[in-house]
Amino acid sequence: MILLFIDNIFSAKKPVISFEIFPPKKDSPIETIYNTLEGLKDTKPDYISVTYGAGGSSTNRTVEIAHLIKKKYEIESLAHLTCITSTSQEIDSILSSLKENDIKNILALRGDLPQDPAIAFPTPLHFRYASDLISYIKSKGDFSVGGACYPEGHPDCESLDNDVINLKSKVEAGLDFLITQLFFDNDKFYNFIDLMSKYGISNIPVSAGIMPVLNTKQIKHITALTSATMPKKFLRIMERYEHLPEALKEAGIAYATEQIIDLLSWGIDGIHVYTMNKPEIAKKITENIFNIRKCITN
Ligand SMILES: Cc1cc2nc3c(=O)[nH]c(=O)nc-3n(C[C@H](O)[C@H](O)[C@H](O)COP(=O)(O)OP(=O)(O)OC[C@H]3O[C@@H](n4cnc5c(N)ncnc54)[C@H](O)[C@@H]3O)c2cc1C
């Protein structure tokens, strides 16, 4: 098995193309993820990331699926890991499990503050911010570590400037690459990169997180979770096809594709597609990125 660190992939290729998947729910068999992976494997992404359910709901599944991606599909994997509710002993145990499973790449996250009062926090907290987890991981082993960033600011932070100042500490804690929150307005992303550079963050690859919008339920979910600006042309599509699911899906794919083509022309380091475990959509969207990359590198 070839072991690859994601920071090495960024050094070798541009753009790096990656997908995000999530583990099946606790009560669904793990095998349900096989269909997703079977569908994604032929596109040969540079890596696939696997989300992590805070509170331990999918901990083992994240490691298991990340291992499967490497072993069975021979694609590099990135395991997400959150820390806000964890003790350092719990993090140690997950890091050991990642090592045993040959997983070399971790997306180190704080995680959302749990709203459920039944979820216990260590007191005092062992990890307050993602930066605490990043320096901890770096002190514990040889991992390539990525972090999240927010082109329109993290919802808990009072201003985008302060969020970027906090991002600087996070990068300095030892990050190797960044993946953005989803956005629908590329100008927000370009302004964010300028702001990063204003605050002295420039030597780190950034992948743009792109989520194709496929149905109205998903739009409501996105609106509740993020403050992503929806440009007028995007809203027109959503309104026009609200009751025409097939048309909405096609228009959502076309919108994401257009966003990506613009990002490629700008010179983006990487594109990270939030696949929602739908391989056919990921395939449609990435087909032309792969073609463009082939032309650039030939
Ligand atoms: C690409 C991506 C993947 C994700 N995957 C998952 C997943 O698998 N599972 C999951 O549960 N969630 C996931 N999330 C959501 C993420 O956990 C939440 O957005 C969470 O609220 C913040 O995590 P973070 O790592 O960005 O936190 P941090 O970087 O710690 O930032 C959190 C907040 O604290 C502020 N802050 C940071 N450092 C300091 C400091 N030193 N002093 C003061 N304030 C500070 C920041 O400005 C921000 O407002 C993902 C998000 C993204 C963008």
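Q: What makes Asp-156 and Arg-110 a salt bridge?
A: In this predicted model, the closest N and O atoms of Asp-156 and Arg-110 are 2.8 Å apart. The cut-off is within 4 Å, so the pair counts as a salt bridge. The pair links distant parts of the chain, 46 residues apart: Asp-156 is in the loop between β5 (144-149) and α6 (160-172), and Arg-110 is in the loop between β4 (105-109) and α5 (130-140).

Q: Why is Arg-110 called buried?
A: Its relative accessible area is 16%. Buried means under 20%, so Arg-110 qualifies.

Q: Why is Asp-156 called partly exposed?
A: Asp-156 has a relative accessible area of 48%. Exposed would require over 50% and buried under 20%, so Asp-156 falls in between.

Q: How do you know that Lys-168 and Glu-172 meet in a salt bridge?
A: The N to O distance is 3.9 Å, and the rule asks for within 4 Å, so the pair is counted. Both residues lie in helix α6, four residues apart, about one turn of the helix.

Q: Why is Glu-172 called exposed?
A: Glu-172 has a relative accessible area of 59%; the cut-off is over 50%, so Glu-172 is exposed. Lys-168, at 28%, counts as partly exposed.

Technical notes. Residues are numbered from 1 along each chain as its sequence is written. This is a predicted model: local features need pLDDT of at least 70, side-chain atom pairs count only at pLDDT 80 or more; totals for chains, interfaces and linings use all residues. Side-chain values use heavy atoms; hydrogens and water are left out. A salt bridge is a side-chain nitrogen of Lys or Arg within 4 Å of a carboxyl oxygen of Asp or Glu. Helices (H or I, at least four residues) and strands (E, at least two) are DSSP runs, numbered from the N terminus. Buried means under 20% relative accessible area, exposed over 50%, partly exposed in between (1.4 Å probe, protein chains only).
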